[in-house]
Amino acid sequence: MTNSLYETNTELPDRAILVSLTTQEVKNGGVDPAYSMDELVQLALTAGVEVADTLVQNRDKPDPKWFIGKGKVDELHEAIQDFNVTTVIFDQELSGAQVRNLEDILDVKIIDRTQLILDIFAQRAKTREGIIQVELAQLTYLLPRLSGHGKNLSRLGGGIGTRGPGESKLETDRRHIRRRIGELKRQLEEVTRHRKLHRERRKETGVVHLALVGYTNAGKSTLLKALTAADVYIENQLFATLDPTTRSLELPSGKEVIITDTVGFIQNLPHDLVAAFRATLEEANEADLILHVVDASSPMREDQMEIVQRILEQLGAGSTPQLVLFNKKDMCSPERLEMLPSGKGYLKVSAFDEGDLLRIREAVQQHLYGGTFTFRIPAQRGDLASLLYRVGNVIDRSIEEDVIVYRVILNQKDYEKYGSALASYRMEHNT
């Protein structure tokens, strides 16, 4: 079996109608249907799809055969003819049977939100790890739905929903696909093992790690570039960053820390995608400090923050210390800025304001190296002096006969970690 993931013909761009079903369960789940549809439009545009129209239906529950009601299916069929579309994209997940039934009557490709997100990821994955994760998520998603994607796979022109595993792969039997999934999981485990070794080496050398997390399009990559002069892809699109980018960040003291940009979160992020990208998202789980970047100008700011926090909890990073950066303050009215939380742990910033970038560095330094410790180290103990320079920020050094006195900014976490070697030399601690 070939490992090639992309069999795409982009000569004929997809033209689509977007469909959403609002049920009481959706409303009770805290999802704003209007915002979710707006987000689906942005997802479609990001995937290179031309949006011809949108259609929304309210029902008590989904129709088991069509997902939407039969009358709405007939209305959708007329709209397909009127707008000459090639694809219909649903804002919710469909079963294989529902896809098959809709394709049979509508005679166009049927895509759901999950498949659309997977398609965008297939376009954006660049590293070996990202490519493996995309294919694994796609195959895991498609395996139980194989019988429902006949037209999808046979339709000429490729395009949305057909990137990733090629037609030849999906026409093979389920055992073959399960075998491929097993192979991808083994490859991913090997990549994860290497990533874990790198993290352990960083920890052994006392390197401090920050993770940029946030809702998609919150401005994480723009901040990373501004803070570190990193050469990263920046675009006003959802999921502009897929593969994690790690750079060195210099703090005002001159000490350097490692900062990693992670994939943006989104509401209704497919479960299989969270599972497949766990190795990448674990960068947040392993971080000493999370920089939670929030689009302060978004009308859904609070909901987006809640979604990010919920996913962090799923990853086991919910208790990791956070610094919340309310980004894009230059796009907010004074009244809106005034409404934002403030105080310790919160900053209102713009990636284009040098003063704000300095405040971020200072806040990171304060979070990581907040306490001042004084140590009297014997002159012959160069190993302990080296340890102080590695894990803390030495702000003063004086010599008293055969002892060197160091004043060091050191966070409590690092002191607890390395304190056994330093405790007997400590003089005082000032916050």
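Helices H6 (residues 128-142) and H9 cross at roughly 145°, their axes coming within 9 Å. Axes here are lines fitted to C-alpha atoms, for helices over the stretch in contact, and angles run from 0 to 180 degrees between N-to-C directions. Helices (H or I, at least four residues) and strands (E, at least two) are DSSP runs, numbered from the N terminus. The model is predicted: local features need pLDDT of at least 70, side-chain atom pairs count only at pLDDT 80 or more, and totals for chains, interfaces and linings use all residues. Residues are numbered from 1 along each chain as its sequence is written, and side-chain values use heavy atoms, with hydrogens and water left out.

**H6 and H9**

- The two helices H6 and H9 make a left-handed crossing. Left-handed means that the near helix is turned anticlockwise from the far one by less than a right angle; right-handed means clockwise.
- On the H6 side, the contact (heavy atoms within 4.5 Å) is made by Arg128, Glu129, Ile132, Gln133, Glu135, Leu136, Leu139 and Thr140.
- H9 contributes Ile177, Arg180, Ile181, Leu184, Lys185, Gln187, Leu188, Val191 and Arg195.
- By class, the contact of H6 with H9 has 8 nonpolar, 3 polar and 6 charged residues. Ala, Val, Leu, Ile, Met, Phe, Trp, Tyr, Cys and Pro count as nonpolar, Asp, Glu, Lys and Arg as charged, and the others, Gly among them, as polar.

**Isoleucine 181**

- Isoleucine 181 sits in helix H9 (residues 174-204).
- Its relative accessible area is 10%, so isoleucine 181 is buried. Buried means under 20% relative accessible area, exposed over 50%, and partly exposed in between (1.4 Å probe, protein chains only).
- Neighbours within four places in sequence aside, isoleucine 181 touches Leu136, Leu139, Thr140 and Leu143.
- Leucine 143 is 38 residues from isoleucine 181 along the chain, and their C-alpha atoms are separated by 9.7 Å.

**H3 and H4**

- Helix H3 (residues 70-83) and helix H4 (residues 96-106) have axes that come within 10 Å and cross at roughly 50°.
- H3 is therefore oblique to H4. Angles under 35 degrees count as roughly parallel, over 145 as roughly antiparallel, 65 to 115 as roughly perpendicular and the rest as oblique.
- The crossing of H3 and H4 is right-handed.
- H3 brings Lys70, Val73, Leu76, His77 and Ile80 to the contact, and H4 brings Leu102, Ile105 and Leu106.
- These residues divide into 6 nonpolar, 1 polar and 1 charged.

**Aromatic pairs**

- The whole structure holds 4 aromatic pairs. Rings of Phe, Tyr and Trp (its six-membered ring) pair if their centres lie within 6.5 Å; planes under 30 degrees apart count as stacked, over 60 as edge-to-face and the rest as tilted.
- One of them is edge-to-face: phenylalanine 67 and phenylalanine 90 lie 5.9 Å centre to centre, with 85° between the planes.
- Phenylalanine 67 is in the loop between strand S2 (50-58) and H3, and phenylalanine 90 is in strand S3 (residues 87-90), 23 residues apart.
- Phenylalanine 67 is buried at 6% relative accessibility, and phenylalanine 90 is buried at 0%.
- Phenylalanine 326 and tyrosine 346 are stacked, 5.9 Å centre to centre with 10° between the planes.
- Phenylalanine 326 is buried at 0%, whereas tyrosine 346 is partly exposed at 33%.

**Helix H10**

- In helix H10 (residues 220-228), 7 of the 9 residues are buried.
- Alanine 229 follows H10 and has a positive phi, near 60°.
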